[in-house]
Amino acid sequence: MPATTSVTLNTGAIMPTVGLGTWKSQPGQVEHAVEFALRNGYTHIDTATAYDNEKEVGQGIKASGVSRENIFLTTKLFNNAHKHAQEALDYSLTQLETPYIDLWLMHWPAPMTKDASGKLTADKSHDWLDTWKSMEDVYFANRDRVKAIGVSNFSVEYLERLLKVTRVVPAVNQIELHPSCPQKDVVDYCITKGIIITAYSPLGSDNSPLLANPVVGKIAAKYSVHPANVLISLHANKPFHTVLPKSVTNSRISSNSKIIDLTEEDIAELDTIDKTHHFRACHPSWTGMGRPRFPRLSVSV
């Protein structure tokens, strides 16, 4: 299929297919990356309170000179704010210096608190489903300040539990997604429910390990593009997908925006990578929730 340039959320809003991710993009660099991206064709920026860079992302948006209404901006409620949804939204809006968020996600279904040393620990006394209900309340009360709500890092089990009681179907589920972590069950389930998939770590996360994969290299050579363009384009060539390449280097930011049309055969070949080279970089074990909160924790998916 021809690669998409945008998708339509269940709210009717248009979300650009390719966005600039800012995970691990540090203050002093990220503001310039955001400014450069927006001045060079990007219209979708993704950040999170947990990244500790919302303020700098906001500075980059302002410095770009691009009108706010021409930017799709996503941020996320972090794990230590599960009991304080309204305050979390207010904080993000203040840090970003923006009147509204286009998409506000629950970063993980994993409530946490800070101990005396400042370390985050699991808060098993609080149910993440109550957090979602609070996010719905905030959404209904602040439609001019948050345009859509969604989730991140949700498995099918979590989505099934949520959809039994939700008043608002999540607009998006943002998950780690690349040829070595296809999460097909999650993708298929979301599509049947009208939930857009956003792929983070499309190159395989730290050090971009999939750039060296021979299958990726072969397809890149076929189209005379960098391997990164193949991995990013993979998601743009699948329906109901968006994708978040990240970089603070101008040349890579520009290069990553080049999307190519892939054939069904190309996509099928990329989908075989998981059979021999499977990994997941961002595993939920870091939350400390364990089983049964993450029932598939013992499985490398």
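Is Trp-128 buried or exposed?

1. Trp-128 is buried, at a relative accessible area of 3%; buried denotes under 20% relative accessible area, exposed over 50% and partly exposed in between, with a 1.4 Å probe and protein chains only. This is a predicted model, in which local features need pLDDT of at least 70 and side-chain atom pairs count only at pLDDT 80 or more, while totals for chains, interfaces and linings use all residues. Residues are numbered from 1 along each chain as its sequence is written, and side-chain values use heavy atoms, with hydrogens and water left out.

2. Four aromatic pairs are found in the whole structure (rings of Phe, Tyr and Trp, the last by its six-membered ring, with centres within 6.5 Å; planes under 30 degrees apart are stacked, over 60 edge-to-face, the rest tilted). One of them is edge-to-face, because the rings of Trp-128 and Phe-154 have centres 5.1 Å apart and planes at 85°. Trp-128 lies in helix 4 (residues 128-141) and Phe-154 in the loop between strand 9 (149-152) and helix 5 (156-163), so the pair ties together parts 26 residues apart in sequence. Helices (H or I, at least four residues) and strands (E, at least two) are DSSP runs numbered from the N terminus.

3. Phe-154 is buried, with a relative accessible area of 1%. The rings of Phe-154 and Tyr-158 have centres 5.8 Å apart and planes at 70°, so this pair is also edge-to-face. Tyr-158 is buried at 4%, and Trp-128, Phe-154 and Tyr-158 form one aromatic cluster.

4. Ile-232, in helix 8 (residues 227-236), counts as buried at 0% relative accessibility. The C-alpha atoms of Ile-232 and Asn-256 are separated by 7.3 Å.
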